[in-house]
Amino acid sequence: MRFFHESRIFYDLAFAKANSFKGKVVFLPLMFSKEEAKQVRQDFWTFFGKRFQRKWTLYNTKIKDVVLKFSMEDHCAMVSIDIEHDDEIFRHYYFEKFESFKSVMREEVSDDLIFERDYLLESGKVISRIFVFMENVKITRKTDWPDVYEFFYENMDKLEAFFWEYKDFIED
């Protein structure tokens, strides 16, 4: 569980270091300053880029407000297609195009794909999102990084292949 403190230090109690004191186990929280947390995130993405040196599509889909994303949130890693159009009608229109390929996407990308017409971001913005995620991983736990990198690569590679194969229909 993550708690944010006024001093901008976060405490991660779920994966704290265990120490003993008079025969009792005491959990001491791992603490990261804002700068240290930023460095961990930067290292994570830098190492990912070095491990898989390829040009990902991501924001270069050639369809306005449709992006492919890698995300690390709280205790999960995510690969997604985000439809970020401010106009709900356009957003739902593109979402329905993707949704019409649901069975194909599940076959070609992952059976675990989740389709969310109205996905609320932490910022309060509503988008449409099609995603697959990996639970119980943390950006601050470096031992998770290899598994997350493989998850990202495998799923984004399939998601991109699907996107480029069906882009003309989605865009039409």
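**Note on the predicted model**

1. From the N terminus on, the elements of the protein chain run β-β-β-α-β-β-α-α-β-β-α, which amounts to four helices and seven strands; helices (H or I, at least four residues) and strands (E, at least two) are DSSP runs, numbered from the N terminus. This is a predicted model, in which local features need pLDDT of at least 70 and side-chain atom pairs count only at pLDDT 80 or more, while totals for chains, interfaces and linings use all residues. Residues are numbered from 1 along each chain as its sequence is written, and side-chain values use heavy atoms, with hydrogens and water left out.

2. Of the 172 residues in the protein chain, 40% are buried, where buried means under 20% relative accessible area, exposed over 50%, and partly exposed in between (1.4 Å probe, protein chains only).

3. Tyr166 lies in helix H4 and is counted as buried because its relative accessible area is 18%. Although Tyr166 and Phe98 are 68 residues apart in sequence, they are 9.2 Å apart in space, C-alpha to C-alpha.

4. Glu107, by contrast, belongs to helix H3 (residues 102-108) and is counted as exposed because its relative accessible area is 72%.
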